[in-house]
Amino acid sequence: MTIDPKTELRRIQISLPATGEEECEAVRESILSGWVTQGPKVAAFEQTFAELHDVPHALAVTSCTTGLHLALAGLGVGPGDEVILPAFTWIATANVVLYCGATPVFADVDPVTNNIDVADVARKLTDRTRAVIPVHLFGLCADMDGLRAVLPQGVSILEDAACAAGASYKGTPAGGLGDVAAFSFHPRKSITTGEGGMITTKHADLAERMEKMRNHGAEISEEQRHHGPSPWRLPDFNMLGFNYRMTDLQGAMGLVQIGKLEQFIVERQQRAEAYCEALADLSWLRMPVIPTDGRHAWQAFVTWVDPAKAPMSRNEMMSILNDRGVATRPGTHAVHELHYYRDQYDLKPDDFPHARDCAANTMAIPLHNRMDDDDYAYVTEAIRSLG
Ligand SMILES: Cc1ncc(COP(=O)(O)O)c(C=O)c1O
């Protein structure tokens, strides 16, 4: 049971990282070792992550946002290029396109899966389209076969796998479903390193380019330089890069967390199925899709409040639940309705009606690895009592 230490009332957070003594010990060891920037722990974390997602290359970075940016930069996306992405996503998916000087082109989403609508992607393609960013929102993989079928040769696929560590689609893990992918280790994700991210790719040349760009475009890594035989040698730089290196403290924490990912997902899956069963008869609340041809990573459990049938508005529900100690959140943003994008591109809410409705009607309810049976029963009962 989770109790708020200030009010001593039950408080069930929307998400809580499942971290403890093991993570503390791993970070402590790194601190005591004296190697605190990207080093052996990051390398081991990358290797484990790559094996688990069945991809040859994994590169740790400072966040999923910087990972997405690095991926687009590595693909050579720049001014004059267009990148298609879903209108219902976290703002970072769109911002990274602008960081490259390219143009974000929104596509609507499927209101049942919350993922990019492939038919709308097909309508948005032009001869300037360089890449598409399907988002595996909340841990459910996008329709990758459908997407591939509509894309012409030469259009790259960057998976926004922020929520999808451990997810899979038709037998292939997320991270190997496109040309390149970026994952997040923000604390609202299943595994965390505080902030942090991971890029995966099957293309060796792209991996090599991104590895250099992660470290200012340096020809050799800090580690190679440090352990190399030529103390006088500084790296040469023949491309523009960034400092997107993960610290070894995070690498050490990530290594512990990735070892628990499978267990975390299994637990989340059981809880998600139990929610679906316990709330199935509420005609006004639609449960998230459980895929039959892949694995949902259950980063979040996002329901849909049907405005035509619900006993009150979604926002009123969220307020009542909050008063009872149950945290909820809208699924994510309709990015085209956010001021910056709305003003910059003269966008109207109705331009992407499904994204608009998803933002208005979705309600994420608590799902994380620090909830116990009592917490789940409490959340279920609090929702059922709404009407
Ligand atoms: C779909 C999506 N993309 C990108 C991001 C950015 O991740 P990060 O916070 O690691 O930069 C998030 C984070 O919430 C996300 O949900």
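**Entry 1: helix 9**

I began with helix 9, where 11 of the 11 residues are buried, so this helix is largely enclosed by the rest of the structure. I call a residue buried if 20 or more other C-beta atoms lie within 10 Å of its own, exposed if 12 or fewer, and partly exposed in between, with C-beta atoms placed from the backbone. Helices (H or I, at least four residues) and strands (E, at least two) are DSSP runs, numbered from the N terminus.

This is a predicted model: local features need pLDDT of at least 70, side-chain atom pairs count only at pLDDT 80 or more, and totals for chains, interfaces and linings use all residues. Residues are numbered from 1 along each chain as its sequence is written.

I listed the buried residues of helix 9; among them are D248, Q250, M253, L255 and I258. Then I asked what covers the buried residues of helix 9. The cover includes helix 1 (21-33), helix 2, strand 1 and helix 10 (261-279).

**Entry 2: two domains**

I looked up how the chain is divided and found domain 1 (21-258) and domain 2 (261-384). These bounds come from an automatic or database domain assignment. Their centres, taken over C-alpha atoms, are separated by 25 Å.

I then checked the contacts: 33 residues of domain 1 touch 31 residues of domain 2. Contact here means that two C-beta atoms, placed from the backbone, lie within 7 Å. On the domain 1 side, strand 6 (168-169) and helix 9 (248-258) are the elements that give two or more residues. That side divides into 20 nonpolar, eight polar and five charged residues. Ala, Val, Leu, Ile, Met, Phe, Trp, Tyr, Cys and Pro count as nonpolar, Asp, Glu, Lys and Arg as charged, and the others, Gly among them, as polar.

**Entry 3: the largest nonpolar core**

Which residues touch the most other members of the largest nonpolar core? I found A71, L72 and I199, in a core of 107 residues. A nonpolar core is a set of buried Ala, Val, Leu, Ile, Met, Phe, Trp, Tyr and Cys residues joined through C-beta atoms within 7 Å. Helix 3 gives the largest share of this core, seven residues. Domain 1 and domain 2 both give residues to the core, so it lies between them.

Leaving aside neighbours within four places in sequence, A71 is in contact with L158, V180, A182, I199 and M210.

I turned to strand 9 (residues 197-201), and five of its five residues are buried. Both faces are covered: G197, I199 and T201 lie on one side, M198 and T200 on the other.

Strand 1 (residues 57-61) runs antiparallel to strand 9, joined by five bridges. Strands pair if DSSP finds at least two bridges between them. H57 has T201 as its bridge partner in strand 9. Strand 8 (residues 180-184) is also antiparallel to strand 9, again with five bridges. There, S184 stands opposite G197.

I noted an open sheet of three strands in the order 7-6-11, with antiparallel pairing. Strand 7 (172-173) and strand 11 (294-295) stand at the edges with a single partner strand each, so one side of each has no neighbour in the sheet. Strand 6 and strand 11 pair over two bridges. In strand 11, G294 is the bridge partner of Y169.

**Entry 4: around the ligand**

I counted 14 residues around the ligand, and S63, C64, T65, A162 and S184 come nearest. A residue is near a molecule if its C-beta atom, placed from the backbone, lies within 6 Å of it. Helix 3 (64-75) and helix 4 (92-99) are the elements that give two or more residues to this shell. The shell holds six nonpolar residues, seven polar and one charged.

I looked up D54 in the loop between helix 2 (40-52) and strand 1. Its phi is near 55 degrees, a positive value in a residue other than glycine. D54 is partly exposed, with 14 other C-beta atoms within 10 Å.

D346 also has a positive phi, about 50 degrees. D346 sits in the loop between helix 12 and helix 13 (353-361). Is D346 buried or exposed? D346 is exposed, because 8 other C-beta atoms lie within 10 Å.

D343 is in helix 12 (residues 339-345). D343 is exposed, with 9 other C-beta atoms within 10 Å.
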